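Take a look at the model below.

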Amino acid sequence: EHSSRSHTILTLTVVAQGSKGGEDSVTGKLNLVDLAGCERLKRSGAGDEASGIEDSGLRAKEAVVINKSLSTLGLVVMALAKGDAAYVPYRDSKLTRLLQDSLGGNSYTTLMATLHPQLEQK
């Protein structure tokens, strides 16, 4: 009800030119990412009979894709944290593929979490 059930990525690219307009420019990229929360199929509304067959099937597919991309992001972060990982699964998800240059290498990554204080309804 309160979730958009999607990830959002805003990418800002900043280019600083040298004082004489030469080739000594510096480029930086800032990715602001709003990740969708983990979706349990039961809580996603996929099983609601009142929502209709087509809508519940779409919700189930969305929940599966969200969970896969979040899981792959976790695998990428764990592989990068090891430092000696032979394989980092960037290509297993569109999300990690888009964020590949921001997750590893010469980059800084910060995680902020915002939580809603609403109690779980049963």
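S102 is in contact with K29, N31, S107 and T109, leaving aside its neighbours within four places in sequence. Contact here means heavy atoms within 4.5 Å. S102 sits in helix α3, residues 100-103. It counts as buried because its relative accessible area is 17%, and buried means under 20%, exposed over 50%, partly exposed in between (1.4 Å probe, protein chains only).

The model is predicted: local features need pLDDT of at least 70, side-chain atom pairs count only at pLDDT 80 or more, and totals for chains, interfaces and linings use all residues. Residues are numbered from 1 along each chain as its sequence is written, and side-chain values use heavy atoms, with hydrogens and water left out.

T72 belongs to helix α1. Not counting residues up to four places away in sequence, T72 touches P89, D92, S93 and T96.

Now the whole chain. It has three helices and two strands, in the order β-β-α-α-α along the sequence. Helices (H or I, at least four residues) and strands (E, at least two) are DSSP runs, numbered from the N terminus. Of the 122 residues, 20% are buried. Among contacts with a separation of 6 or more, 44% join residues 24 or more positions apart. The accessible surface comes to about 10,100 Å², and carbon and sulfur atoms own 56% of it. Such areas come from the Shrake-Rupley method with a 1.4 Å probe; for residues, only the protein chains shown count as cover.

Which helix gives the most to the lining of the second largest pocket? α1 does, with four residues. α1 and α2 (94-98) each supply at least two lining residues. The lining includes H7, I9, D92, S93 and L98. The volume of this pocket is about 190 Å³. A pocket is an open set of points on a 1 Å grid over the protein atoms alone, with protein on both sides within 12 Å along at least five of seven lines; lining residues have an atom within 4 Å of a point.

Last, the surface. I9, V33, L35 and L98 make a nonpolar patch of about 300 Å². Patch residues have over 30% relative accessible area and no salt bridge, and nonpolar side chains (Val, Leu, Ile, Met, Phe, Trp, Tyr) are joined within 5 Å. A salt bridge is a side-chain nitrogen of Lys or Arg within 4 Å of a carboxyl oxygen of Asp or Glu. L35 lies in the loop between β2 (26-34) and α1 (53-82). L35 counts as partly exposed because its relative accessibility is 32%.

Conventions. Patch = residues over 30% accessible without salt bridge, like charges linked within 9 Å, V, L, I, M, F, W, Y side chains within 5 Å. 1 Å grid on protein atoms, 1.4 Å probe; cavity = no way out; pocket = protein on both sides within 12 Å on 5 of 7 lines; lining within 4 Å. Points joined across faces, edges and corners; volume = space filled by probe spheres on them.
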